[in-house]
Amino acid sequence: MPDPESPSQSSSGPAVTGATIQLDNLSKRYPGNALPAVDSVTMDINAGEVVVLVGPSGCGKSTTLRMINRLIEPSSGRIRIDGEDVTDMDPVQLRRKIGYAIQSSGLFPHMTVADNIALVPKMIGWPKAKVRARVEEMLDLVGLDPREFHGRYPRQLSGGQQQRVGVARALAADPPVLLMDEPFGAVDPITRDHLQDELIRLQHELHKTIVFVTHDFDEAIKLGDRIAVLREQSHIAQFDTPEAILTNPADDFVSGFVGAGAALKRLNLTRVRDVEIADFPTVTIEDPLQTIFNRLKAGPTNELLLLDKRGRPYKWLRRGDLMRAKGSLARAGTPVGDYVTRNATLRDALEAVLTDSGGRVAVTGRRGEFVGVVDMETLMNSVHELLQADRLAALEHEHEQELAHASAEQGPASSDGSGTPKLGVVGDPS
């Protein structure tokens, strides 16, 4: 079944609007320092790919990122975007073609939300009507009602809303490349999870090339198509898919980043949309009290989910709640403490389920509307499947290693003196 939140796809797959990025021996040296901050980084990033740079503090990952749009000028090396060498391009013009999102959003406090988003489109000369339409489109894209947020100032927004506007501003001029420097590092964990889910949803629709910096390996696993684990001076310890890094870390340094509980981290590679989302009986706050009471009394379960006027999860209602609250919905039920989107990982869902006394979590769509629930049984089945897949992969890898070792010990084909080589058969049971 197609994902209703995914973009329409042709038989040849979704359109890619990103650009390739090539870093060729990119270095940065600062006067007075014996060692370079970044030393000869070479990396090829595919169009439409999310690449996450992760490493310890001070390893040069943010410096590497900022050299791509030349907020920091490289000391040596080349940068190519879609094959074009941008090292000698005017840096201001270059930055207008690359989206950039940072921690704490970086919005201009004296400008409205609309003016912040419109900044780059105005700079590059878009017509006023096109700019206005783009502002509304971008607010809608990041899940903010244009009518409600258009004229607000950053100080009137929550941290999560500011970050959404920051992403909208970075994407406003439709750049092929988006650079993100720890953009979700300054918000609380629940908001951070939801912002990560939102970025995943946006990438499903837009297919930009995203280079994302974080120090959080779990975030890297959740977001990255590939992850570059960096040592000091941005030396690449391993550059591979999350699956490959979790199952076959290149060395002890990478293993240290993976940390304990690799099997649980694998839960960050599977999305809620990939497992069964179950139906759950619902009522709305606009339904008559008698209707709600009758549904609670006659339903197959002793619980309903109360939705607000926009169809969003509001409260869990159990039999007896209305009686104890003397028929008042305001006092009845338990508020929905947490929810996950279809783009959330199974790890997000598991954490939400474990903190809920009912052993399930509500799943929401793009605008927060209720679409179903995921329960503990579904998650446990998925965990068992992941563990079994990991065991099989480990056995296959061990078998390949044994074959390679046996082949190396056998050496080149020997001769019996007649000129006819003797061929050994690896794994012959006779």
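## Terms and overview

Helices here are DSSP runs of H or I with at least four residues, and they are numbered from the N terminus. The model described below is predicted. Its protein chain contains 15 helices and 19 strands.

The protein chain has 430 residues, and buried residues make up 45% of them. Among contacts between residues at least 6 apart in sequence, 62% join residues at least 24 apart. The chain exposes about 21500 Å², of which carbon and sulfur atoms supply 51%.

## The largest cavity

The structure holds 2 cavities of 30 Å³ or more. The largest cavity has about 70 Å³ of space. Its lining is made of V142, Q163, R164, V167, M180, F184, L195, E198, L199 and L202. By residue class, this lining divides into 7 nonpolar, 1 polar and 2 charged.

Helix 6 and helix 7 each supply at least two residues of the lining of the largest cavity. Helix 7 provides the largest share, with 4 residues.

## The second largest cavity

About 50 Å³ of space lies in the second largest cavity. The residues that line it are V167, L171, L178, L199, L202, Q203, L206, K208 and I210. Helix 6 and helix 7 are the elements that give two or more residues to this lining. Helix 7 gives the most, with 4 residues.

The lining of the second largest cavity divides into 7 nonpolar, 1 polar and 1 charged. V167, L199 and L202 are listed in the lining of the largest cavity and also in that of the second largest cavity.

## The largest pocket

The largest pocket holds about 880 Å³ of space. It is lined by 30 residues, and the closest to its centre are G143, R164, R312, R367 and G368. One of these, R164, is also in the lining of the largest cavity.

Several elements each supply at least two residues of the pocket lining: helix 5, helix 6, helix 7 (189–206) and strand 15 (339–341). Helix 7 gives the most, with 6 residues. The pocket lining divides into 6 nonpolar, 11 polar and 13 charged.

## Nonpolar cores

In soluble globular proteins, nonpolar side chains tend to be buried together. The largest nonpolar core in this model has 49 residues. Those with the most contacts inside this core are I117, M180, F212, F217, I227 and V229. Another core, of 27 residues, lies apart from it and includes I45, I68, L94 and I98.

M180 is listed both in the largest core and in the lining of the largest cavity. Not counting residues up to four places away in sequence, M180 touches L65, A101, V167, L199, I210, V211, F212 and V213. Among these contacts, V167 and L199 also line the largest cavity.

## Helix 3 and what follows

Helix 3 spans residues 113–123, and its buried residues include V113, A114, N116, I117, A118 and P121. The buried residues of helix 3 pack against helix 4 (128–141), helix 5 and helix 6. I117 is also among the residues with the most contacts inside the largest nonpolar core. Helix 3 is followed by G125, which has a positive phi, near 90°.

H150 lies in the loop between helix 5 (146–149) and helix 6 (159–171). The relative accessible area of H150 is 36%, so H150 counts as partly exposed, a class that runs between the 20% limit for buried and the 50% limit for exposed. Leaving aside neighbours within four places in sequence, H150 is in contact with T112, V113, A114, V135 and L139. V135 is 15 residues from H150 along the chain, and the C-alpha atoms of the two are separated by 8.2 Å.

T63 lies in helix 1 (residues 61–68). T63 counts as buried because its relative accessibility is 15%, and buried means under 20%. Not counting residues up to four places away in sequence, T63 touches K28, Y30, V38 and I72.

Terms used
Residues numbered from 1 in each chain as written. Predicted model: local features only at pLDDT ≥ 70, side-chain atom pairs only at ≥ 80, totals over all residues. Heavy atoms only, no water. Buried < 20%, exposed > 50% of the residue type's maximum accessible area, 1.4 Å probe, protein only. Contact = heavy atoms within 4.5 Å. 1 Å grid on protein atoms, 1.4 Å probe; cavity = no way out; pocket = protein on both sides within 12 Å on 5 of 7 lines; lining within 4 Å. Points joined across faces, edges and corners; volume = space filled by probe spheres on them. Nonpolar A, V, L, I, M, F, W, Y, C, P; charged D, E, K, R; others polar. Core = buried A, V, L, I, M, F, W, Y, C linked by side-chain atoms within 4.5 Å. Areas by Shrake-Rupley, 256 points an atom, 1.4 Å probe, with all protein chains shown as cover.
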